[in-house]
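Colleague: Could you take me through the charged pairs in this model, and then through the nonpolar surface beside that topic, with some care about confidence?

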Amino acid sequence: MSTASIANNAYQMAARLQQQMPGVEDAAPKAETADFGKMVSQAVETIVDKGQQADDKAVGMIEGKADVVDVVTAIAETEIALETMVAVRDRVISAYEEIMRMPI
């Protein structure tokens, strides 16, 4: 998968998150408008949906209804979305550990 398509997918995901969370474009968004738990939940649901779409396309290929290129593309998109989620998780854990090391 090319870097341009990876960047395109990242921009599309960011645009969707921005549309789902009004008020984020403000210079100083209010804490009560941004719900981190909801955002993470939606991101996980998106990854699950992408996985289900990849599964459906794989079954369609077995049945002779889908093209191999579509299946490979769907699997690659799912893989990138999952890798992104894992990277975000790792950064959140790292930030938490750093906060816990701070002196009171």
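**Salt bridges and the nonpolar patch**

Modeller: By the distance rule used here, with a side-chain nitrogen of Lys or Arg within 4 Å of a carboxyl oxygen of Asp or Glu, the count comes to two salt bridges. This is a predicted model, and side chains of opposite charge can pair when their charged atoms come close. One of the bridges joins Arg 89 to Asp 90, where the closest N and O atoms are 2.7 Å apart. Arg 89 has 45% relative accessibility and therefore counts as partly exposed, and Asp 90, at 38%, also counts as partly exposed. The other bridge links Lys 65 with Glu 63, with 3.6 Å between the closest N and O atoms; Lys 65 counts as exposed because its relative accessibility is 70%, and the cut-off for that class is over 50%.

Helices α2 (36-62) and α3 each supply at least two of its residues, although α2 gives the most, with four. Phe 36 lies in helix α2 and, at 48% relative accessibility, counts as partly exposed.

As for confidence, the mean pLDDT of the protein is 81, with 73% of its residues reaching 70 or more. Helix α3 (residues 68-101) has the highest confidence, at a mean of 91, whereas helix α1 (residues 3-20) has the lowest, at 67. Where pLDDT is low, the predicted coordinates should not be read in detail.

Key
Residues numbered from 1 in each chain as written. Predicted model: local features only at pLDDT ≥ 70, side-chain atom pairs only at ≥ 80, totals over all residues. Heavy atoms only, no water. pLDDT = per-residue confidence, 0-100. Buried < 20%, exposed > 50% of the residue type's maximum accessible area, 1.4 Å probe, protein only.
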